[in-house]
Amino acid sequence: PIPSSAMPMDWDCICTPVALVDDTTAEALPYPWTDCVAYFAAYLALMNSRRPEEATNMFGLYENFMKRARSFSESSFIPSYYA
């Protein structure tokens with residue numbers, strides 16, 4: 001039957017990325033988020049090479065780029081008109 005009003009729904013979903021076959025494969029991550037990947041990879045490489053000070057610096061850059069990507073992708077909002 002057709003519902004009589006709008007109702008909330010719960011969905012169980014699985015999202016899988018596209019397999020990267022070669023350089024012509026479409027990028028799975030949108031632009032602002034792709035800048036973060038290199039810094040996190042550098043962080044992991046430096047942690048595995050036992051250089052924690054440099055790894056901490058790379059993780060800080062990763063967090064900065066994540067914050068920047070999040071601010072680019074989220075629109076500004078007003079939490080309450082009456083506050």
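Predicted model: local features only at pLDDT ≥ 70, side-chain atom pairs only at ≥ 80, totals over all residues.

Me: How many aromatic pairs does a search of the whole structure find?

Reply: Residues are numbered from 1 along each chain as its sequence is written, and side-chain values use heavy atoms, with hydrogens and water left out. Rings of Phe, Tyr and Trp (its six-membered ring) pair if their centres lie within 6.5 Å; planes under 30 degrees apart count as stacked, over 60 as edge-to-face and the rest as tilted. Searching the whole structure on that basis gives 5 aromatic pairs.

Me: Are the rings of Tyr39 and Phe65 stacked or edge-to-face?

Reply: Their centres are 4.8 Å apart. The planes meet at 15°, so the pair is stacked.

Me: How many residues apart in sequence are the parts that Phe40 and Tyr62 tie together?

Reply: These two rings form a tilted pair, 4.9 Å centre to centre with 45° between the planes. Helices are DSSP runs (H or I, at least four residues), numbered from the N terminus. Phe40 lies in helix 1 and Tyr62 in helix 2, so the parts they tie together are separated in sequence by 22 residues.

Me: Does Tyr62 count as buried or exposed?

Reply: Buried means under 20% relative accessible area, exposed over 50%, partly exposed in between (1.4 Å probe, protein chains only). Tyr62 has 19% relative accessibility, so the residue counts as buried.

Key: Helix = DSSP H or I, 4+ residues; strand = E, 2+ residues; numbered from the N terminus.
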